[in-house]
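Visitor: I'd like to learn how to read a few features in a structure. Could you walk me through one?

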Amino acid sequence: MRRTWMETTKELYGKPLPFKKADDPKTAREVARAYYEDVIHPQLSENLPGYEALPIEKKQELALAAYNAGYNHVIRKKGNFNRMYRETRKHVGKFRKLKGY
């Protein structure tokens with residue numbers, strides 16, 4: 001299971017990339033997707049009761065919250081956005097506005 005930027009980029013690109021590469025949208029998207037598939041989704045699926053039955057919009061929000069605050073935080077707060085860090089709520093709120101809900 002990948003856990004860090006360096007581990008993920010090393011596996012994806014054959015060598016760890018410096019953090020400044022996170023400013024490149026294509027690289028950031030590829031690394032985020034790999035991290036979601038290898039870490040966030042499995043952790044939320046296994047440790048957050050009812051996660052698999054949630055609508056896709058809610059799963060996307062929880063994944064974004066886990067990417068922002070860490071999947072353990074989302075699991076400890078049982079997926080309740082009102083109990084998450086203010087910064088995370090704000091981050092997910094921006095996503096909701098972009099998505100129109």
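Visitor: Let's start with Tyr67: is this residue buried, partly exposed or exposed?

Guide: Keep in mind that this is a predicted model. The cut-offs are under 20% relative accessible area for buried and over 50% for exposed, with partly exposed in between. Tyr67 has 41% relative accessibility, so it counts as partly exposed. Tyr35, at 17%, counts as buried.

Visitor: And how do I read an aromatic pair?

Guide: A pair of aromatic rings is described by the distance of the centres and the angle of the planes. Searching the whole structure here turns up two such pairs. In one of them, Trp5 and Phe19 are tilted, with 40 degrees between the planes and 6.2 Å centre to centre.

Visitor: Which parts does the pair of Trp5 and Phe19 tie together?

Guide: Trp5 sits in helix 1 (residues 5–13) and Phe19 in the loop between helix 1 and helix 2, so the pair ties together parts 14 residues apart in sequence. Trp5 is buried at 13% relative accessibility, while Phe19 is exposed at 55%.

Visitor: What about Tyr35 and Tyr67?

Guide: Tyr35 and Tyr67 make an edge-to-face pair, 5.9 Å centre to centre with 70 degrees between the planes. This pair links distant parts of the chain, since Tyr35 belongs to helix 2 and Tyr67 to helix 3, 32 residues apart.

Visitor: At what angle do helix 2 and helix 3 pack?

Guide: Their angle is about 105 degrees, and the axes are 10 Å apart. Angles of 65 to 115 degrees count as roughly perpendicular, so that is the label for helix 2 relative to helix 3.

Visitor: Which residues meet there?

Guide: From helix 2 come Ala32, Tyr35, Tyr36, Ile40 and Leu44; they meet Leu62, Ala63, Ala66 and Tyr67 of helix 3. By type, the residues of this contact are nine nonpolar, no polar and no charged.

Visitor: How should I think about a nonpolar core?

Guide: In soluble globular proteins, nonpolar side chains tend to be buried together. The largest nonpolar core here has 16 residues, and Leu44, Leu62, Tyr71 and Val74 have the most contacts inside it. Helix 2 (25–47), helix 3 (56–69) and helix 4 (71–76) supply at least two core residues each. Beyond its neighbours within four places in sequence, Leu62 touches several residues, including Leu44, Tyr51, Val74 and Phe81.

Visitor: Last one: is Lys59 buried or exposed?

Guide: Lys59, found in helix 3, is buried, with a relative accessible area of 15%. Setting aside neighbours within four places in sequence, Lys59 is in contact with Tyr51, Glu52 and Leu54.

Notes. Residues are numbered from 1 along each chain as its sequence is written. This is a predicted model: local features need pLDDT of at least 70, side-chain atom pairs count only at pLDDT 80 or more; totals for chains, interfaces and linings use all residues. Side-chain values use heavy atoms; hydrogens and water are left out. A nonpolar core is a set of buried Ala, Val, Leu, Ile, Met, Phe, Trp, Tyr and Cys residues joined through side-chain atoms within 4.5 Å. Buried means under 20% relative accessible area, exposed over 50%, partly exposed in between (1.4 Å probe, protein chains only). Helices (H or I, at least four residues) and strands (E, at least two) are DSSP runs, numbered from the N terminus. Contact means heavy atoms within 4.5 Å. Axes are lines fitted to C-alpha atoms, for helices over the stretch in contact, and angles run from 0 to 180 degrees between N-to-C directions. Angles under 35 degrees count as roughly parallel, over 145 as roughly antiparallel, 65 to 115 as roughly perpendicular and the rest as oblique. Ala, Val, Leu, Ile, Met, Phe, Trp, Tyr, Cys and Pro count as nonpolar, Asp, Glu, Lys and Arg as charged, and the others, Gly among them, as polar. Rings of Phe, Tyr and Trp (its six-membered ring) pair if their centres lie within 6.5 Å; planes under 30 degrees apart count as stacked, over 60 as edge-to-face and the rest as tilted.
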